[in-house]
Amino acid sequence: MARKLGVNATQRLALLKNQASALLWYGKIETTEARAKEVASYVSKIITLAVNTYTDTVQTEVKVVDEKGKETTKTLVKDGVKKLNARRKIISLVNDLQEVKGFKESKADFKARTSAVKSPLVEKIFDEYAPKYAARKEEKGQGGGYTRIYKLGARKGDAAEAAIIELVE
């Protein structure tokens, strides 16, 4: 049975979405032990969905005519049906976090780098985490176990059991 975490259902879902998004974006967060256990389960389902569908792509060739009348063929790689469904489901399960402009990065460079990406967190899940954990699954012969929880002890102030949750390398 799922933990209630001391809040109603809508607040609990918002809390899980926010903490799962932060964990997937930064790789590590500090929270209470009960919340960490719930977030670990939530994130595990998201990563498993991405691992099972990230290779589903469809390649199509399109003939393009440029302004001089020259015909060229381009190969477009699009998401397959299963990957597209998984992408939409993951978008509904996490909050979209936006890229941050680097300290010495110009505005034009930042726009060029981020113009093609609509959902940076979802792209990070499919481009970084899914291949990494799929290779880990092939190597070790097991799926799951994507997170690790370190217990920190009682937090000063409210004496709640604090923990750090991080993604396993």
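This report walks through helix packing, the nonpolar core and a few individual residues in a predicted model.

Some ground rules: residues are numbered from 1 along each chain as its sequence is written, and side-chain values use heavy atoms, with hydrogens and water left out. Since the model is predicted, local features need pLDDT of at least 70 and side-chain atom pairs count only at pLDDT 80 or more, while totals for chains, interfaces and linings use all residues.

**Helix pairs**

Helices here are DSSP runs of H or I with at least four residues, strands are E runs of at least two, and both are numbered from the N terminus. Two packed helices are described by the angle between their axes and the distance between the axes. The axes are lines fitted to C-alpha atoms, for helices over the stretch in contact, and the angles run from 0 to 180 degrees between N-to-C directions.

| Helix pair | Angle | Axis distance |
|---|---|---|
| α1 (residues 9–26) and α2 (residues 33–53) | about 70° | 9 Å |
| α1 and α5 | about 50° | 10 Å |

On orientation, under 35 degrees counts as roughly parallel, over 145 as roughly antiparallel, 65 to 115 as roughly perpendicular, and the rest as oblique. Helices α1 and α5 are therefore oblique to each other.

Handedness works like this: a crossing is left-handed if the near helix is turned anticlockwise from the far one by less than a right angle, and right-handed if clockwise. By that rule α1 passes α2 in a right-handed crossing. Contact means heavy atoms within 4.5 Å. On the α1 side the residues include L13, L16, A20, L23 and L24, and on the α2 side they include E38, V39, Y42 and V43.

The crossing of α1 past α5 is left-handed. There, S21, L24 and W25 in α1 meet P120, L121, K124, I125 and Y129 in α5. Those residues divide into six nonpolar, one polar and one charged.

Then there's α2 with α3: these two pack at an angle of about 160°, with their axes 9 Å apart. That makes α2 roughly antiparallel to α3. Their crossing is left-handed. Y42, I46, L49, A50 and T53 from α2 meet K82, K83, A86, K89, I90 and L93 from α3. By class, that contact has seven nonpolar, one polar and three charged residues.

**The core**

A nonpolar core is a set of buried Ala, Val, Leu, Ile, Met, Phe, Trp, Tyr and Cys residues joined through side-chain atoms within 4.5 Å. Buried means under 20% relative accessible area, exposed means over 50%, and partly exposed is in between (1.4 Å probe, protein chains only). The largest such core has 31 residues, and L24, V43, I47, I90, I125 and L167 have the most contacts inside it. Elements giving two or more residues to this core are α1, α2, α3 (81–93), α5 (120–140) and β5 (161–167). Helix α2 gives the most, with nine residues.

Which residues does V43 touch, not counting those up to four places away in sequence? They are A20, L23, L24, T147 and L167. T147 is found in strand β4 (residues 147–154). Leaving aside neighbours within four places in sequence, T147 is in contact with L23, A40, V43, I165, E166, L167 and V168.

**Residues worth a look**

Most residues other than glycine have a negative phi, and most peptide bonds are trans. L5, in the segment before α1, has a positive phi of about 60° although it is not a glycine. L5 is buried, at a relative accessible area of 19%. A159 also has a positive phi of about 60° without being a glycine. A159 lies in the loop between β4 and β5, and at 55% relative accessibility A159 counts as exposed.

Apart from neighbours within four places in sequence, E38 is in contact with A2, R3, L5 and L16.

Finally, T55 sits in the loop between α2 and β2 (57–65) and is exposed, with a relative accessible area of 58%. T55 and K82 are 27 residues apart in sequence and 9.5 Å apart in space, C-alpha to C-alpha.

Conventions:
Ala, Val, Leu, Ile, Met, Phe, Trp, Tyr, Cys and Pro count as nonpolar, Asp, Glu, Lys and Arg as charged, and the others, Gly among them, as polar.
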